[in-house]
Amino acid sequence: MTTADPVLDSGIERPRPWSRHAAVVIPPLLVFVAAIVLWELIIEAFEIQRFLLPRPSEIASMFVEDFGRLIRQGRNTLSVAGRGLLLGGGIGIALAAITFRTRWMAEGIGIYAAVLKAVPVISLAPLTVVWFGIEAGSKIATVSIATAPILFTYTLVGLRSADANAQELMRSYAAGHFRTFWNLHVPYALPFFFSGMKIAVTIAMIVAIISEYFGGSFENLGGYIRNEANNVHTVEVWTAIVMACLLGISQYMIVAGIDRYVLRWHPSKRG
Amino acid sequence: MSAGASPEIAVPLAARDRLLTDERADRLRSASARITLVLILIALFLGGWELLKWVTDSPRTTLPHFHEVVNYLFSVNSQGDRVWLDTGRNLRLTFIEALTGLAVAIVAGFAAGTLMALSRWTGRGIMPFVIGAQTVPIVAIAPALVIWLGTGWETKALIAGFLAFFPIAVSTARGIGDVSQDSLDLMASYGASRTEVFFKLRLPSALPYVFTGLEVAAAFSVIGAIVAELPVGSQDGIGVVILTSQQYFSLQPESLFAAIGGACVLGGAMVGMVRIIQIVVLRGHRAQELS
Amino acid sequence: MTTPESSAEVVSLGTNTAISFDAVRKEFGSGVNATLAIESVDLEIREREFVSLIGPSGCGKSTLLRLAADLIEPSGGTVVVNGKSPRQARLDRDYGFIFQAPTLFDWRTVWKNVALPLEIMKISGMSREKKDEEIERLLGMVGLDGFERHHPYQLSGGMQQRVSLARALVFQPSILLMDEPFGALDEITRDRMNLELHRIWAETNTTILFVTHSIPEAVLLSGRVVVMTARPGRVQEIIPIDLPYPRTTEVEESTRYYELVTQVRESLGQAMAGGL
């Protein structure tokens with residue numbers, strides 16, 4: 001009987017040493033602090049007026065003061081972005097799953113997807129208002145239009161990336177389409193799906209804000225920015241920007257975290 | 001040359017020529033198949049438009065006939081201009097803004113991406129912010145910049161460039177950094193200098209990545225230019241046309257559709273341009289799957 | 001190195017034909033672009049036989065294997081597997097296929113990779129405990145006890161290929177089709193895997209059709225070695241290997257072994273000369 005290969009020892013996962021975490025966290029922190037200091041100094045040195053570019057300290061204190069409202073508005077924007085992503089992403093993924101075996105169909109939809117990606121989505125915002133009303137409906141529609149092609153493309157490429165030998169293996173087991181799909185194509189598509197999601201969550205957030213900017217309630221980040229920008233309340237605008245960034249980045253990090261957890265088995269994620 | 005390699009070499013010239021022509025014929029066949037597919041897709045789009053109008057029984061104020069939009073394009077507006085000429089003029093301005101912005105973004109994004117990839121600490125320090133900055137709502141920055149720098153086309157080009165910068169920087173950093181250790185070792189075994197490693201290895205292998213980012217950037221530059229035209233004070237550009245047609249929508253719904261159509265064509269043209277350059281530049285590279 | 005307790009001293013072949021190729025031809029592509037991969041191949045493999053296919057690259061060894069597996073269909077002639085069409089044999093799960101790459105599913109543990117065919121095939125009359133027992137026994141047989149919960153990326157190439165072997169054996173197919181299974185492994189691991197495979201073959205009553213590039217490997221393992229010509233692939237010569245069983249390291253050092261290796265090498269030389 002053969003014993004275990006010594007080769008294996010090198011492959012076993014070890015916890016990351018603390019210093020490697022530090023190497024990831026410290027440089028951005030330094031850059032952040034330096035940027036804030038530089039920002040303050042520039043305003044000081046060139047006496048930049050408050051309505052053009054406020055000081056970070058001012059933005060921070062206003063952010064804390066308005067936190068309750070910003071969270072409420074952020075939640076509304078987030079809900080629009082989330083529902084749009086759910087709808088658009090769902091359509092994109094479903095189309096990819098239906099067509100990935102039929103080359104001409106996938107290619108045809110792929111051309112539409114490519115066109116949609118090139119279309120400046122914001123130009124569609126006024127039209128969705130006509131069709132779906134000035135409130136959430138139109139904004140959800142715009143977000144879906146922006147996110148569907150992204151998830152379609154990534155899912156399609158992922159589903160098609162299934163290893164040729166593995167497909168033959170499933171065939172040799174006489175496994176049906178459905179089993180092959182779940183056991184083989186879906187796992188292969190997952191890494192691509194997550195890459196697409198990382199892009200789509202950010203895009204969904206931006207598009208939601210842009211379409212809110214085009215009209216409707218003020219009780220969301222885009223509406224608030226529109227209102228405050230019209231009144232040249234630059235500090236308030238900046239607090240909304242900060243809130244939007246925080247929400248966007250945390251969504252990105254949540255997706256990245258799920259990605260790391262779900263794809264623990266993936267060779268690219270080791271060590 | 002070893003004898004073992006001879007079968008490949010010994011393919012008679014005539015046969016090789018035949019293979020080449022076959023390949024050309026194949027390419028031609030696939031090209032014509034693609035054109036047919038695109039024509040079918042356009043027909044499907046127009047058919048779908050009219051079908052949607054018929055099924056939902058939409059009035060002209062929700063969804064005009066396609067031919068009504070085309071008719072509108074050839075009509076004369078209140079200033080006595082042909083509408084399509086006027087739209088074209090505005091599109092040209094937005095195109096110049098987007099293109100200038102894209103050019104600036106290519107230079108700046110490529111430089112920043114290279115720097116991030118080659119200097120580990122700079123990369124680690126800046127990369128999170130480059131990714132984070134993509135979540136900045138451009139609509140919020142644009143008004144401030146317009147107040148600051150004026151309503152000239154240069155401001156709009158700058159905003160377009162701001163939006164296009166990030167995808168280029170990120171994809172360049174990824175491409176320049178993503179070189180296998182084996183290739184680096186090979187270059188080292190030749191005694192290659194840093195410059196040679198960059199130009200002979202990193203740059204060529206980064207190109208497919210860069211172009212993927214460039215395509216996104218091209219689409220973003222158009223969005224940036226349009227957003228920049230939205231704040232009060234702008235007179236020209238397709239963004240302004242969209243805003244005005246939105247205001248007069250109930251009187252002249254066709255104008256909004258025409259304006260949006262124009263913006264879509266502009267976006268398609270920018271991305272298409274990048275694609276064509278990509279195909280020419282990357283002829284030798286393996287086809288990139290994700291684009 | 002290995003001294004298996006139960007391997008047969010004399011390996012007795014069955015009386016039935018496991019796989020037969022009759023005037024088989026396979027063409028890829030069509031029109032002017034068509035390439036003839038194999039032509040008029042006649043070959044019979046009996047039950048319990050271990051047959052190796054060897055030949056220059058591109059001679060259609062793998063094509064032959066894939067035809068038997070119904071992964072591709074012949075352009076002419078007939079292939080019969082266990083008295084049935086290859087398709088029926090595939091649907092009846094008569095054979096296990098082993099690729100050169102281990103082809104493990106990265107997202108499954110070692111245990112779940114081996115369990116995959118059982119999940120798909122829903123083999124009747126096999127309780128859960130029985131299945132678990134079988135998986136455990138096979139993992140033991142390929143020397144992987146203790147690695148059940150590992151993921152493929154945590155294993156070396158040789159260990160991954162052993163998982164793939166266990167996976168092919170778990171549903172007890174009567175035939176194993178192996179496409180250069182150890183081609184990507186280093187010499188030492190490969191030697192060990194060869195001897196293990198041979199022991200498993202002796203223990204399990206399976207028929208093995210084995211594609212390889214390596215002359216010593218073919219001679220050491222097989223009852224017969226089939227030498228094929230360069231494209232289009234034809235059977236050049238079938239060389240019976242009259243080495244004693246069990247095949248161990250001692251056999252590898254015998255004079256007869258070297259004679260047979262030389263014989264196969266010369267036949268292969270002729271096959272390549274004929275192909276040019």
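A residue counts as buried if 20 or more other C-beta atoms lie within 10 Å of its own. By that cut-off, buried residues make up 42% of the 271 residues in chain A. The model is predicted.

Start with the fold of chain A. Its secondary structure comes to ten helices and zero strands. Along the sequence, the pattern is accordingly α-α-α-α-α-α-α-α-α-α.

Next, the dimensions. Chain A has a radius of gyration of 24 Å, whereas a compact globule of 271 residues would have one near 18 Å. Along the principal axes, the C-alpha atoms of chain A fill a box of roughly 75 × 55 × 30 Å. Contacts reach across the sequence as well. Take those in chain A between residues at least 6 apart: 75% of them join residues at least 24 apart.

The largest nonpolar core holds 211 residues. Ala204(A), Ala240(A), Val227(B), Ala68(C), Leu177(C) and Leu209(C) touch the most other members. Helix α8 of chain A, residues 177-213, gives the most to this core, with 17 residues. Ala240(A) shows the local detail. Leaving aside residues up to four places away in sequence, Ala240(A) touches Leu70(A), Leu221(A), Tyr224(A) and Ile225(A), and also Ala140(B).

That last partner leads to the interface. Here 38 residues of chain B are in contact with 42 residues of chain A. On the chain B side, the elements giving two or more residues are α2 (13-56), α5 (120-133), α6 (138-149), α9 (194-229), α10 (238-247) and α11 (253-281). By class, this side of chain B has 28 nonpolar, eight polar and two charged residues.

Definitions and conventions. Residues are numbered from 1 along each chain as its sequence is written. Chains are lettered from A and ligands numbered from 1 in the order in which they are written. This is a predicted model: local features need pLDDT of at least 70, side-chain atom pairs count only at pLDDT 80 or more; totals for chains, interfaces and linings use all residues. Two residues are in contact if their C-beta atoms, placed from the backbone, lie within 7 Å. Helices (H or I, at least four residues) and strands (E, at least two) are DSSP runs, numbered from the N terminus. Ala, Val, Leu, Ile, Met, Phe, Trp, Tyr, Cys and Pro count as nonpolar, Asp, Glu, Lys and Arg as charged, and the others, Gly among them, as polar. A nonpolar core is a set of buried Ala, Val, Leu, Ile, Met, Phe, Trp, Tyr and Cys residues joined through C-beta atoms within 7 Å. A residue is buried if 20 or more other C-beta atoms lie within 10 Å of its own, exposed if 12 or fewer, and partly exposed in between; C-beta atoms are placed from the backbone. The radius of gyration is taken over C-alpha atoms; the globule rule is 2.2 Å times the number of residues to the power 0.38.
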